[in-house]
Amino acid sequence: MKRRNFNNTLIKGIGGAAVLSALPMSYAMKRADENSLGIALVGLGSYSTYQLAPALQQTRHCHLAGIVTGTPAKAKRWASQYNIPERNIYNYDSFDEIKNNKEIDIVYVVLPNSMHAEFSIRAAKAGKHVICEKPMAVSVAECDAIIQACESAGVKLGMGYRLHSEPYTQRIKRFVKDNTFGKTLYVSGDAAYISRGNPDQWRLDIKLSGGGALMNMGVYAIQSAIYSCGMNPVSVTAQEFSTRPEYFKETDETITAQFEFPEGVVGNIMTSHNASANRLYASCSRGWMELQPASSYGPLRGNTSKGPISFEHESQQKLQMDDFSLHILEGAVNKAPGAMGKRDLMIIEAIYASIAAGGKKVELDLGNMGIV
Ligand code: NAD
């Protein structure tokens, strides 16, 4: 049976998924294991180094099989630290050769935002499943191009939206689905941190980032408002604030936006590179729900009008990459599909359009996307 085509029968045939999951596997065992997909990380910056690579030492259904980097010294360091063979190391020019590499099933794009589309599309054309970091791209048009490339190649596409595999966030979504606190009336989502780093970093360069706080942390604020009511917004009105224009020369510093949702639900979000905030709050007809922190790497903290919620901490990135692998391996639900990444870019573009129009309300037509 081909590596890419095996199914539940094979898993059950060798003793059942529960048995497999119960046994911690060494890295070498994982690599040899047909039930573990090989991931290649593209871009070995801070997220790959401090979150994804360590998480890939804990995953059950995927493992770190390859790297793509423009820096030979990093390639050497990673190869030795993670025992990555020379044949699985690429640079940005040789990347397309990855199509001939059977040890790599998934390409995870962890580059500056404006490079997501190019590398996701090249990965799809190489026949690899794709995980694309957030924001999906710097325009809706680019999101469409990524989705189209993955569909044409017949590969799966997932967003690096770790919170969709994270238990506190899942519980909020479950509360909404089960109507535990009645109808959501008002939601508030804040996602912000203070940036004082190198003024030459790519996040401050509009050509590489596509935008500032909104493109970066704004995605979390938008998403938290959406999953706290279980609906997509129908309009947005937005404002931008600048207090350090000498530092934020090209990119937005602070943005607030108000959403109208169906059924009269009201939402308010704030995102900033010049304030600290990390919270979601939903006021409902029979109580309230809150996460604070709501979007960091965890552990998150949750409280409700019925009392606190609590989960044991696990790496969110581990959960996310395992979930996507199970989507490929067993047809499990894709918790953060490309359509969700595109939906968020549609909202981001509407927020920027509202600001450009002096704070005018911009209508959104997201109802038929089937994604909340
Ligand atoms: P980073 O600056 O630490 O790393 C960026 C990497 O891209 C570096 O290895 C750099 O060498 C490489 N690169 C290639 N071409 C480049 C160019 N022209 N300019 C600058 N760097 C270039 O950034 P990061 O924090 O690792 O973020 C990478 C991506 O991951 C971003 O899209 C970001 O939004 C996303 N991210 C997601 C999360 C999350 O929680 N899901 C967290 C952090 C970052």
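**Around the ligand**

The ligand sits in the largest pocket. A pocket here is an open set of points on a 1 Å grid over the protein atoms alone, where a 1.4 Å probe fits, with protein on both sides within 12 Å along at least five of seven lines; a molecule sits in it if more than half of its atoms lie within 2 Å of its grid points. This is a predicted model, where local features need pLDDT of at least 70 and side-chain atom pairs count only at pLDDT 80 or more, while totals for chains, interfaces and linings use all residues. Residues are numbered from 1 along each chain as its sequence is written, and side-chain values use heavy atoms, with hydrogens and water left out.

So who's in the neighbourhood? The ligand is surrounded by 21 residues, and Ser46, Asn113, Lys134, Arg162 and Trp202 are the closest (near means a heavy atom within 4 Å). Sorted by class, that shell has eleven nonpolar, five polar and five charged residues. Ala, Val, Leu, Ile, Met, Phe, Trp, Tyr, Cys and Pro count as nonpolar, Asp, Glu, Lys and Arg as charged, and the others, Gly among them, as polar.

Now for some polar contacts, meaning pairs of N or O atoms within 3.5 Å. A polar backbone atom of Ser46 is 2.7 Å from a ligand oxygen. Trp202 brings a side-chain N or O atom to 2.7 Å from an oxygen of the ligand, and for Tyr220 a polar side-chain atom lies 3.0 Å from a ligand oxygen. On its own the ligand has 830 Å² of accessible area, and the protein covers 79% of that (Shrake-Rupley method, 1.4 Å probe).

Conventions: A polar contact is a pair of N or O atoms within 3.5 Å; within protein, one must be able to donate a hydrogen and the other to accept it, and residues adjacent in sequence count only if both atoms are side-chain atoms. On a 1 Å grid over the protein atoms alone, a cavity is a set of points where a 1.4 Å probe fits but cannot get out, and a pocket is an open set with protein on both sides within 12 Å along at least five of seven lines; lining residues have an atom within 4 Å of a point.
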